[in-house]
Amino acid sequence: MKKVLLLKFGELFLKGRNRHDFISRLKNNILRKLTAFSCKLEETQGRLILSGYDEAQEGIIIEKLQQVFGLIGVADALEFETSLEETKKRVAGLNFSGVRTFKIETKRADKNFPLTSMELDKELGAVVLDAHPNLKVDLYESDMVVTVEVRTNGKTYLYNKLHLCAGGLPLGSAGKGLLLLSGGIDSPVAGYLMAKRGLEIEAVHFHSYPYTSPQAKEKVIELAKEISSYCGKIRLHIVSFTEIQEQIHKNCDEEYMITIMRRIMMRIAEKIARANDLGAIVTGESLGQVASQTMQSMNVTNSVVSLPVFRPVIAFDKEEIMALARKIGTYETSILPYEDCCTVFLPKNPVIKPTVKRAEFLETSLDIDALVSQAVNNEEILTIDEF
Amino acid sequence: MIYLDNASTTKMFDECAEIHKEFSCNQFFNPSALSGGALQVSKLIADAEKYVLSRLGASEGNILFTGCATESNNLAIRGSLRSGNWEYVFSAGEHPSVFNLAKKLEQEDFVVHFVPLAKNGQVDLECLSNVLNERTRLISIMHVSNETGVINDLQKISALKKTKCPRAILHVDGVQGFLKIPFALRDTAIDLYSFSGHKFHAPKGIAGLYVKNKGGLKELFEGGGQQFGLRSGTENVSGIMQMRKAIELIDEKANFERTKEIKRLFNETLLSAGARTFGEGVSVEKCILINDYCGSPYIETLIFQGVKGETMLHALDAVGVVVGLGSACSSKKAGNRVLEEIGLEKETIVSSARISFNAYMSNDEVITGAQIISKVFQDILQRVS
């Protein structure tokens, strides 16, 4: 008998022939996440088993696993050779103090086991009731759920506590994308959500020194570190936007300033994405949140790129985004007061329904290709890895 | 580097570093211990206390040595709270270490009054007079505004206290005043006066609170009972001795005159580069000086019309000129509370930057600093307009 962590993965079952790839990616991600710990990770049908770790570190290991996409739950379980007698003994020996109602939930993956799940539920329930006559069975609202998993590796796992994990798909299983990372609340959340769907992330940040502070840049580096604990290694492309902003400010209608800024940012993002084999652009835009995030504005900014643009928080309320930012730990950094790129030359009345035609006309006064190339050529790249 | 952010902090005197070594590596005794060496350092502390009192021009009272002016201010204010039907009076222009504490006291159901600032930046004495009464327990007003450099009239405030509420405690946050503005505590009715070493070339981490009547103050925390039980904790011997040294090295009257000359030279250079003065109703244009006629020569506010103060700060930083943006704690997005209080428009406030001098700058530094500021301002103005 030994203590192990039983790791459950979710949607991976749906993935047919790719299943093996997904699981091996998940295993790699778990091992990377746990590099600092000595432990052993094994696969049995439908489950991963982590063992051989220092029990004093179990709590922190569980916390780390909760940041690995693809896992839906971690149970601290007892593992023993499959036998009905042993299972009865272990179930009877569980600590039921403070518990009034319970239920047994059996998962019999090993079809050679002589009893069906239902039969085993009944047998084990009877064992518990014999040992603890004051307890009652409640199948709907029990204080404690005792789970018994009879796996195909000849082992049985017993647990009564399941730690929920982040879910999603293993990082990297959906390819790589480029996140537009501002210093705000929304874009780190967008990065997190896409990483949750298996997308590895690189990020691009636009700064406008001296119109923005070095602290604003540090803040973005900090945000990248924070999401890196979920999103894995992040290459952060830092692009100076100062000259572009000055040119727009000088040459374009004030009400179109932000529209044109966003169009140039998208062009720069696409150029960086293509140069680095990144298959999509990710933004933290939310429909109608500000003038540059109306449907018409997004159409005008989207029209300069051909890569898909993922906007995972498009339908989220600000409150929902903030709640998620708090959950993943980026909120406090995001609300630091340093201005990011967008707030410097803010026009009083930005256009709410821009048109592609007008934007294109205004851009004729700018040497867009030169500005984009210059910005990309001068980018600074930082590699951030807090996974 | 041309450093024009001395209200934020100052460069430490080299002499302090030597003192630090002496009292950290040789005479490193705990002044509360019983050895001969310990007795010696405890005497030195007592001597330093007397010396600081003399430099404050105090004829009675004690000095508590603290870790920072925020601690001194909190000790002064929290230590003066009493239960009962008392009222607490603060100026609206206080530093966050006083202002935010006053806000907190309001939440804790103390009766708190904020006295507005007049257009010249001083606390409005008429309003102050109206708010003071026999229930006033504490008046807390700063000596020199860290944002604008405006000096409050401590004698008039003292006189108001004496006539309207003689039993009240008068606390003055003197962080930008001590050793900068010549004055003597004995000429005022001040009961508590806060100051901080790193604003006058001593190290960070050492500050003080003058206490006229220590029986009237309560401690913030319990401990070994050092410093009359009002500030428990082993004294920062090295810090105290370094601060003493810095005070010895400063001649505030000579420095005051020298800094006036520095400010004059700086403003003259800016003006000859096209800036326009402002103050007492003079019209304004582009780069403006807030010409504070009741101001400290050590601090002034510049308004860079059309450019954000923060942009100027970064652009100047990049070419080796360091300026400030008012109190670090209030230079946030919301704007600047104190400049708002004296009636400046929001657009003017975001265009402001704080320049602060020390008496030891050379004329060259001052002139070059002003020239660079003019040039960078013109340059950015061109880029953004």
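Which residues does Ala269(A) touch, not counting residues up to four places away in sequence? Select Ala269(A) and you'll find Leu178(A), Leu180(A), Val204(A) and Ile281(A). Touching, or being in contact, is meant here in the sense that the C-beta atoms of two residues, placed from the backbone, lie within 7 Å.

Before going on, a word on what you're looking at. This is a predicted model, in which local features need pLDDT of at least 70 and side-chain atom pairs count only at pLDDT 80 or more, while totals for chains, interfaces and linings use all residues. Residues are numbered from 1 along each chain as its sequence is written, and chains are lettered from A and ligands numbered from 1 in the order in which they are written.

**Stop 1: the core around Ala269(A)**

Of the 92 residues in the largest nonpolar core, Ala269(A) is among those that touch the most other members, together with Leu7(A), Leu178(A), Val189(A), Ala195(A) and Ala224(A). A nonpolar core is a set of buried Ala, Val, Leu, Ile, Met, Phe, Trp, Tyr and Cys residues joined through C-beta atoms within 7 Å. A residue counts as buried if 20 or more other C-beta atoms lie within 10 Å of its own, exposed if 12 or fewer, and partly exposed in between, again with C-beta atoms placed from the backbone. Now select residues 257-275 of chain A: that's helix 8, which gives this core its largest share, 11 residues. Helices (H or I, at least four residues) and strands (E, at least two) are DSSP runs, numbered from the N terminus. The core also draws at least three residues from each of domain 1 (2-164) and domain 2 (176-384) of chain A. Apart from this core lies another, of 71 residues, including Ile45(B), Leu154(B), Ala168(B) and Ile190(B).

**Stop 2: all of chain A**

Zoom out to chain A. Its C-alpha atoms fill a box of roughly 85 × 35 × 35 Å, taken along the principal axes. You can look for 13 helices and 15 strands here, and of the chain's 387 residues, 41% are buried. Color residues 2-164 and 176-384 separately to see domain 1 and domain 2; such bounds come from an automatic or database domain assignment. The C-alpha centres of these two domains of chain A are 43 Å apart.

**Stop 3: Val148(A)**

Next, pick Val148(A), in strand 7 (residues 144-150) of chain A. Is Val148(A) buried or exposed? Val148(A) is buried, because 21 other C-beta atoms lie within 10 Å. Leaving aside neighbours within four places in sequence, its contacts are Thr87(A), Ile104(A), Thr106(A), Leu120(A), Leu124(A), Thr156(A) and Leu158(A).

**Stop 4: the domains of chain B**

Over to chain B, where domain 1 is 2-9 + 251-384 and domain 2 is 14-249. Here the C-alpha centres of the two domains lie 28 Å apart. Across the boundary, 25 residues of domain 1 of chain B are in contact with 26 residues of domain 2 of chain B. On the domain 1 side, helix 8, strand 11 (299-304) and helix 10 (337-341) of chain B each supply at least two residues. That side divides into 10 nonpolar, 9 polar and 6 charged residues. For these classes, Ala, Val, Leu, Ile, Met, Phe, Trp, Tyr, Cys and Pro count as nonpolar, Asp, Glu, Lys and Arg as charged, and the others, Gly among them, as polar.

**Stop 5: two helices of chain B**

Select helix 8 (residues 252-272) of chain B along with helix 12 of chain B. How do they pack, and at what angle? The angle is about 35 degrees, and the axes are 8 Å apart. Axes are lines fitted to C-alpha atoms, for helices over the stretch in contact, and angles run from 0 to 180 degrees between N-to-C directions. From helix 8 of chain B, look for residues including Ile262(B), Leu265(B) and Phe266(B), which meet a set in helix 12 of chain B that includes Val366(B), Ile367(B) and Ala370(B). By class, this contact has 8 nonpolar, 5 polar and no charged residues.
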